[in-house]
Amino acid sequence: MQGFLILNCIVGGQTLASLSSRLSDTLGIVIIGVITLVVTFCGYRIIHWYESIAWIPSVITFITILGVGYPQLRDNQSAPVSQATVAEVISFASVLASSILSWCTMTPDYGVYHSPAASSARIFLYTYLAFFTASATAHTLGAAFAAAAPNVPAWKEGFDNSSSVGGLLYSVLLPTGAFGKILTALVALSIPSACAPTMYTFSTSFMAVAPWFGAVPRWVYILISEGVLIPVAIVGAKKFYATFVNILDIIGYWSSIFAAIILTEHILFRRASFSEDQYPITTWASYTLLPSGIPAVVAFACACGALVPFMSQAWYVGAVARHGSGDVGVFVGFVVGAIAYALARGFEKLWYKKMSKSGA
């Protein structure tokens with residue numbers, strides 16, 4: 001979660017910095033970080049309200065850049081590009097999966113005030129369509145403008161060798177004058193909408209680890225998150241693309257394992273039911289009444305070990321990936337995590353059943 005927070009802060013800071021030569025990436029990152037901190041301190045309800053309106057400037061901007069940049073996109077749709085290999089396609093699919101899967105670790109935190117009577121099918125449909133629409137739109141637009149940028153001098157300068165997403169955005173909007181500056185500023189200032197939930201969840205996650213973590217005020221964890229965010233983002237902004245790829249893939253590895261464990265628990269051991277029988281509310285804060293968590297740790301360790309040969313990163317390429325498989329670590333981690341958790345959790349339940357019989 002902190003990794004995505006850093007990435008979002010870098011993009012927001014670069015976008016702000018593109019508006020004026022007197023603004024640097026560092027100052028922009030600090031501004032985005034402080035806004036995120038303020039929104040997070042306001043609590044859940046303000047975050048929820050902020051999220052409900054922060055998408056509007058982005059939609060207006062997407063429509064505008066399509067209109068303004070269409071002539072250049074049309075002229076460069078036949079630009080020569082190298083043929084993508086199977087391994088590259090698979091690796092890109094892994095990146096896309098990573099960017100969506102990572103939300104599973106925090107999305108449940110923002111449904112706690114919603115009606116428990118809501119249809120599960122409707123929740124799934126709304127969530128899926130929201131992720132699909134946002135992801136497909138952003139990735140398609142990003143790919144189109146990034147591919148055309150090397151052949152458009154103004155865009156190439158703004159993109160700064162693939163290191164400034166905000167610079168590319170502003171360079172596309174330059175022909176619109178002051179309106180483009182306003183849109184760029186609004187997009188930058190809407191980025192804390194992606195940062196604040198992550199920082200908020202960072203604090204609540206620590207409080208859920210153990211009772212003594214819960215004794216620490218939540219604002220302490222928020223300040224720790226802010227203290228990590230700003231310096232790391234400032235350093236990471238200097239090599240944005242490498243930072244982006246490395247962080248996103250690592251997030252994807254552990255998120256896929258996390259998702260596999262949660263889904264296996266819910267489907268196999270909770271009978272795919274959210275009823276009180278399967279998730280008794282009275283046990284949520286009682287360590288002795290909850291599963292031990294040992295099967296999850298075992299499954300996570302097994303999955304991490306299994307995915308290493310399938311990794312394909314700038315800093316490490318696994319034995320299998322070296323033979324042209326692409327980066328399939330995300331998928332291997334999910335499968336191994338689900339199988340390992342099913343076996344370990346099943347063994348745990350049998351053990352507890354045996355112990356309870358012997359105790360009786």
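In this predicted model, Ser94 is buried, with a relative accessible area of 0%. The residue belongs to helix α4, which spans residues 86–101. Leaving aside residues up to four places away in sequence, Ser94 touches Asp327, Val328, Val330 and Phe331. With Asp327 there is also a polar approach: a polar atom of the Ser94 side chain lies 2.3 Å from the backbone oxygen of Asp327.

Helix packing comes next, and a brief reminder may be welcome. Two packed helices are described by the angle between their axes and the distance between the axes. For helix α2 (residues 25–41) and helix α11 (residues 218–236), the axes come within 10 Å and cross at roughly 165 degrees. Angles over 145 degrees count as roughly antiparallel, and α2 and α11 are therefore roughly antiparallel to each other. The crossing of α2 past α11 is right-handed. On the α2 side, the residues that meet α11 are Thr26, Ile29, Val30, Gly33, Val34, Leu37, Thr40 and Phe41. Their counterparts in α11 are Trp219, Ile222, Leu223, Glu226, Leu229, Ile230, Ala233 and Ile234. Sorted by class, this contact of α2 with α11 contains 12 nonpolar residues, three polar ones and one charged residue.

Helix α1 (residues 2–17) and helix α9 (residues 192–209) have axes that come within 9 Å and cross at roughly 155 degrees. That angle makes α1 roughly antiparallel to α9. Here α1 passes α9 in a left-handed crossing. From α1, the contact draws on Gln2, Leu5, Asn8 and Cys9, while α9 supplies Ala194, Cys195, Thr198, Met199 and Phe202. The contact of α1 with α9 comprises six nonpolar and three polar residues, with no charged residues.

Most residues other than glycine have a negative phi. Arg271, however, has a phi near 55 degrees, a positive value in a residue other than glycine. Arg271 lies in the loop between α12 (240–269) and α13 (294–307), and the residue is exposed, with a relative accessible area of 69%. Ala272 likewise has a positive phi, of about 55 degrees, although this residue is not a glycine. The loop between α12 and α13 is also the place of Ala272.

Conventions. Residues numbered from 1 in each chain as written. Predicted model: local features only at pLDDT ≥ 70, side-chain atom pairs only at ≥ 80, totals over all residues. Heavy atoms only, no water. Axes fitted to C-alpha atoms, helices over the stretch in contact; angles between N-to-C directions. Helix = DSSP H or I, 4+ residues; strand = E, 2+ residues; numbered from the N terminus. Parallel < 35°, antiparallel > 145°, perpendicular 65-115°, else oblique. Left-handed = near helix turned anticlockwise from the far one by under 90°. Contact = heavy atoms within 4.5 Å. Nonpolar A, V, L, I, M, F, W, Y, C, P; charged D, E, K, R; others polar. Buried < 20%, exposed > 50% of the residue type's maximum accessible area, 1.4 Å probe, protein only. Polar contact = N/O pair within 3.5 Å; in protein donor to acceptor, adjacent residues only side chain to side chain.
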